[in-house]
Amino acid sequence: LRVLRGDLFLFRFIRVRIYNFLRRAVMFKTIEYNGGKVRLIDQTRLPLEEVYVECNDFRDVARAIKSMQIRGAPAIGVAAAMGIALGARGITTNDFHMFYSELLKICEYLANTRPTAVNLFWAIERMKSIADKNRNRDVESIKEILEKEAVKIWQEDISINRNMGKCGQELIEDGDTILTHCNAGALATGGEYGTALGVIKIAHEEGKRVKVYADETRPFLQGSRLTVWELVKEGIPVRLITDNMAGYFMGRGEIDKVFVGADRIVANGDTANKIGTYTLSILAKEHGIPFYVVAPLSTIDMSIPEGSKIPIEERNPQEVTHLNNKRIAPEGVEVSNPAFDVTPNKYISAIVTEKGIIKPPFLDNIKRLF
């Protein structure tokens with residue numbers, strides 16, 4: 001490779017091929033649909049154990065989403081689609097109207113798992129629509145069509161993430177140090193690349209010397225448990241910090257850019273993401289650091305005009321009062337545990353999608369994509 005540095009194009013070509021070969025050797029599967037079952041990596045067991053869970057019906061999938069065995073907005077959407085396909089297999093009627101009525105109950109069951117991630121509802125609506133469009137077919141054929149659609153959603157998600165990663169390359173320079181929050185990698189999506197981490201991974205593939213600072217992301221520690229695990233597997237230099245260290249490192253000039261994912265982006269560009277993202281956006285603005293959101297178009301909810309209307313999930317207080325099932329706070333203390341906060345569009349430098357980079361004014365430029 002050193003000899004080939006004289007021919008930069010050839011050097012990069014061979015480097016990418018070697019990197020991708022090694023990448024596949026250590027690649028994990030976030031989720032897959034196989035033989036009438038959904039198989040997914042249990043993210044609650046990472047990074048200590050790489051354990052896979054099999055879901056035999058839609059209730060198992062719903063439980064996996066609710067318990068955060070699978071999490072991240074795009075991954076939740078993929079899981080919901082697969083859960084609907086599983087549920088459809090279990091409906092025992094040949095009458096379309098009875099079948100569709102039962103299918104709607106399955107959709108509602110899955111919709112009640114995580115209220116903030118809009119990809120969940122996008123995937124559910126897509127699966128309902130495909131069933132309705134094929135109402136003139138026999139029920140067994142519709143079940144097969146739903147299975148194919150769920151797999152298609154999964155495959156599209158992986159392709160979309162790759163496209164987003166490529167679109168985001170104009171925002172990354174050789175030598176950049178990037179801060180990220182929560183987990184917006186392969187674990188948060190259908191697999192392979194991810195959203196915010198997808199941009200970083202492809203930069204690394206292309207030979208850019210990038211480094212990452214990863215917030216631990218209290219209280220569920222998605223940064224320390226998942227993001228760091230992914231980046232170590234990929235061979236990308238990463239340094240773990242606690243959430244309240246971000247301002248310190250920004251002040252020292254050690255952070256060039258911030259890249260985060262999103263669980264819901266509304267019509268004006270306001271963005272809901274893991275709790276703590278809003279704080280980072282203010283710190284980035286104060287220090288003159290670009291703050292980028294990376295998310296597929298399915299994460300954009302045009303039905304909501306601005307961020308205060310986004311429903312915010314309140315999670316189990318035990319996530320705050322306990323660490324590894326050991327109590328770390330006094331008995332009886334009141335706890336607030338919102339899973340997400342909303343970053344106003346004025347703190348966002350650009351939004352990276354599979355269709356390109358959206359820059360301010362977001363209200364007008366997002367509308368053009370739809």
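Colleague: At roughly what angle do the axes of helix 2 and helix 3 cross?
Modeller: Happy to start there: this is a predicted model, in which local features need pLDDT of at least 70 and side-chain atom pairs count only at pLDDT 80 or more, while totals for chains, interfaces and linings use all residues. Residues are numbered from 1 along each chain as its sequence is written, and side-chain values use heavy atoms, without hydrogens and water. Helix 2 covers residues 58–66 (helices are DSSP runs of H or I with at least four residues, strands runs of E with at least two, numbered from the N terminus). Its axis comes within 8 Å of that of helix 3 (axes are lines fitted to C-alpha atoms, for helices over the stretch in contact, with angles from 0 to 180 degrees between N-to-C directions), and the two cross at roughly 160 degrees.

Colleague: Which residues in helix 2 meet helix 3?
Modeller: On the side of helix 3, the partners are Ile76, Ala79, Ala80, Gly83, Leu86 and Gly87 (contact means heavy atoms within 4.5 Å). The residues in helix 2 that meet them are Phe58, Val61 and Ile65.

Colleague: Which strands does helix 3 lie across?
Modeller: Helix 3 spans residues 73–89 and runs at about 20 degrees to strand 1. The strands that helix 3 lies across are strand 1, strand 2 and strand 3.

Colleague: Which strands stand at the edges of the open sheet?
Modeller: The open sheet has three strands in the order 1-2-3, with antiparallel pairing (strands pair if DSSP finds at least two bridges between them). The edge strands each have a single partner strand, so one side of each is left without a neighbour in the sheet. Neighbouring strands are turned by 20 degrees against each other on average, direction ignored. The two at the edges are strand 1 (31–34) and strand 3 (52–55).

Colleague: Which residue does lysine 233 form a salt bridge with?
Modeller: The structure holds 23 salt bridges (a side-chain nitrogen of Lys or Arg within 4 Å of a carboxyl oxygen of Asp or Glu). This pair links distant parts of the chain, 183 residues apart: lysine 233 is in helix 8 (residues 222–234), and its partner is in the loop between strand 2 and strand 3. The closest N and O atoms are 3.7 Å apart, and the partner is glutamate 50.

Colleague: Is lysine 143 buried or exposed?
Modeller: Lysine 143 and glutamate 140 meet in a salt bridge, with 3.2 Å from N to O. Being three residues apart in helix 6 (residues 139–167), the two are separated by about one helical turn. Glutamate 140 is partly exposed at 43% relative accessibility (buried means under 20% relative accessible area, exposed over 50%, partly exposed in between, with a 1.4 Å probe and protein chains only). Lysine 143, at 8%, counts as buried.

Colleague: How far apart in space are alanine 284 and isoleucine 255, C-alpha to C-alpha?
Modeller: Alanine 284 lies in helix 10 (residues 277–286), and with 0% relative accessibility alanine 284 is buried. Leaving aside neighbours within four places in sequence, its contacts are Met250, Val258, Ile289 and Phe291. Alanine 284 and isoleucine 255 are 29 residues apart in sequence, and in space their C-alpha distance is 9.1 Å.
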